[in-house]
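Thanks for making the time this morning. I would like to walk you through one model, beginning with a helix and ending with a pocket.

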Amino acid sequence: MKCLIQRVLSASVSVDGACTGAIERGFLVFLGITHTDTEQTVEKAAEKIRKLRIFEDENGKTNLSIEDVHGELLVVSQFTLYADCRRGNRPGFEQAAAPAHANRLYEYFLSVCEGRFAKVAHGIFGADMKVSLTNDGPFTIMLEMD
C-alpha cells in the first residue's frame, strides 16, 4: 500500500463537476493498493497516518498529529502510485491491485478512518476525479506499507 500524504489548508475532489468531498486543514491522502494488501495493511496505514506528527506546534516544530490539531482527512483512490516507468515511456501498472480487490480495501480504509478521524471525505473509486488543494508547507510524504 502506498499513501501519498499532503498536509493541506484545504482540499476537495469533484466528479462530473459535483463536489464529492471537501476538507479544511488536514491531510489529502492519495491511496494506492497493490495485490498483496490486506485488511491488516489498511489498519496499519490508517493508524500510522493518525499518529504522523507533521503539524507545527507553538514553537514551529513539526510535532503535532492530525488528531492534535483536529484535522480532517480527504481520501482519493490512486492506482497510478504503482506506475512503473523503468522501461519505455508508457507506465506499466502491473503492481496495482485489480479493481475489485482495490475497491474493497479502499472502502475498508474509509470505514477504518471514519472511526479515527474527526471528518473523513473521499472521492469515488474508479471515477475521473478533479482534485483541488492548498498544500501547507508544502509538506508531502510517501508512506509505503508492507
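Helix 2 has 16 residues, and from its first C-alpha to its last it reaches 22 Å, which is close to the 22 Å expected at 1.5 Å a residue. Please keep in mind throughout that this is a predicted model.

Which residues of helix 2 are buried? They are A102, L105, Y106, F109, L110, V112 and C113, and because these buried residues fall within an arc of 165 degrees when one looks down the axis of helix 2, they line one face of the helix. On the other side of helix 2, A100 and E114 are exposed.

Let me turn now to strand 3, where seven of the seven residues are buried, so to speak a mostly covered strand. Strand 3 pairs with strand 1, residues 2-15, in the antiparallel sense over seven bridges, and there V8 stands opposite G26 of strand 3. With strand 6, by contrast, strand 3 pairs in the parallel sense over six bridges, and L28 stands opposite L74 of strand 6.

The largest pocket has a volume of about 310 Å³ and is lined by 18 residues, of which S77, Q78, F79, G126 and M129 lie nearest its centre.

Technical notes:
Residues are numbered from 1 along each chain as its sequence is written. This is a predicted model: local features need pLDDT of at least 70, side-chain atom pairs count only at pLDDT 80 or more; totals for chains, interfaces and linings use all residues. Side-chain values use heavy atoms; hydrogens and water are left out. On a 1 Å grid over the protein atoms alone, a cavity is a set of points where a 1.4 Å probe fits but cannot get out, and a pocket is an open set with protein on both sides within 12 Å along at least five of seven lines; lining residues have an atom within 4 Å of a point. Grid points are joined across faces, edges and corners, and a volume is the space filled by probe spheres set on the points. Buried means under 20% relative accessible area, exposed over 50%, partly exposed in between (1.4 Å probe, protein chains only). Helices (H or I, at least four residues) and strands (E, at least two) are DSSP runs, numbered from the N terminus. Two strands pair if DSSP finds at least two bridges between them. The expected span of a helix is 1.5 Å times one less than its number of residues. The arc is that of the directions from the helix axis to the C-beta atoms.
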